[in-house]
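Subject: Handing over a structure, with notes

Dear colleague,

I am passing on the structure below, together with some notes for someone who has not worked with it before. Please have it open while you read.

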Amino acid sequence: MSVEEIGRVSRVPDESPAEPPLANGVSRLALGIDSLRMSRGARIPQRAVRRLRGRRWRVSPSNYRDGSFALPMTVTRARASDPSNDEDSGTMTMRAITATPDGELIEAEVERPSPGLTEVLIEVAAAGVNPVDWKSRLGGPIRGLFDPDAPVILGWDVAGTVVEVGPGVTRLAVGDRVFGMPRFPRPASAYAEYAVAGSREVAHTPDNISDVEAGALPLAGLTAWQAIVDTMEVGEGDRVLVHAASGGVGHLAVQLAKIRGAEVWGTASAAKHEQLRDFGVDHPIDYRSEKFEEVATEMDAVLDLYGDDDYPCLL
């Protein structure tokens, strides 16, 4: 087996089991995207074309340092006439980006997964790139969850179209556009033409965003949602400071806070202040020339995306 083993069933059970509860907040995130993008003209910015191993990839949002961008998956699909891709033989293959033990990325042909109970098969249109991907590529702790005898296919953020559904799936159908962050921290193998996900681990992609934008949203968007909504419970009139407000998580956190009625301060370099205002930041702070603790006072909530200990003085 050349990809992560997926549970298979030989027949549809007489009574399809109920789908498991939502494994994350991606459906709630999807419901909020229309409002998020309408908030004070906020948008998910597009970045320039970058080159990766000789291919041209268009990446989206927003700050490469934070790793929140997506790659359109354009690897060449194996021809149906290829004997190694014959459905009758039971062997279907696909192209994938695999990581070698020393971290090199190689395009390879691997076995295509099949959806199991309450799972769907997604034809991948875009896969997100986050710090966890390059850290795992270089041997980070999550790398240990991969099958050592199978190709290492990275990627958790994924967007695409459902092309096959497993037994028990009721909320999705073939042809649905979906996005999500399945299986984390177990391998989701999104850097491939096809990926399998639990039907409750993905959500319908809103009509007003592209697959590339959707592929960049799950990890950064869920992090922002869990911080602003679930943990801080930001609400009307709250005073909120977001450090690194122009970054992958930060620019989404700002918009979520504004949707919920907060007054928002955000730190970034002066060159990004126009962008911060576009996202909805009421009070941009240049961390290079201003002391944020003197500008942002009496805060109700602070989201520290730098990871240092400067913020307690504000609470």
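Predicted model: local features only at pLDDT ≥ 70, side-chain atom pairs only at ≥ 80, totals over all residues.

I would begin with strand β13, which covers residues 263-268 and is mostly covered, since five of its six residues are buried. Strand β12 (residues 239-242) runs parallel to β13 and is joined to it by four bridges, and within this pairing Val 240 has Val 264 of β13 as its bridge partner. The path between the two strands goes by way of helix α5 (residues 250-259), and β12, α5 and β13 together make a right-handed β-α-β unit.

A corresponding description can be given for strand β14 (residues 283-286), which is also parallel to β13 and is connected to it through four bridges; here Ala 268 stands opposite Asp 286 of β14. Helix α6 (residues 273-279) takes part in a right-handed β-α-β unit with β13 and β14.

In the loop between α6 and β14 you will find Asp 282, which counts as partly exposed because its relative accessibility is 28%, a value that falls between the limits of 20% for buried and 50% for exposed. Although Asp 282 and Val 264 are separated by 18 residues in sequence, their C-alpha atoms are 5.3 Å apart in space. The side chain of Asp 282 also makes a polar contact of 3.0 Å with the side chain of Lys 258.

Turning to the helices, α4 (residues 218-231) packs with α5 at an angle of about 45°, and the axes of the two are 8 Å apart. The crossing in which α4 passes α5 is right-handed.

Finally, there is an open sheet of three strands, with the order β5-β4-β7 and antiparallel pairing. Its edge strands are β5 (105-111) and β7 (152-153), each of which pairs on one side only. Strand β4 (residues 93-99) is joined to β5 by seven bridges, the two running antiparallel, and Leu 105 in β5 is the bridge partner of Ala 99.

With best wishes

Key: Residues numbered from 1 in each chain as written. Heavy atoms only, no water. Buried < 20%, exposed > 50% of the residue type's maximum accessible area, 1.4 Å probe, protein only. Pairing = 2+ DSSP bridges. Right-handed = clockwise from strand over helix to strand, strands pointing away. Polar contact = N/O pair within 3.5 Å; in protein donor to acceptor, adjacent residues only side chain to side chain. Axes fitted to C-alpha atoms, helices over the stretch in contact; angles between N-to-C directions. Left-handed = near helix turned anticlockwise from the far one by under 90°.
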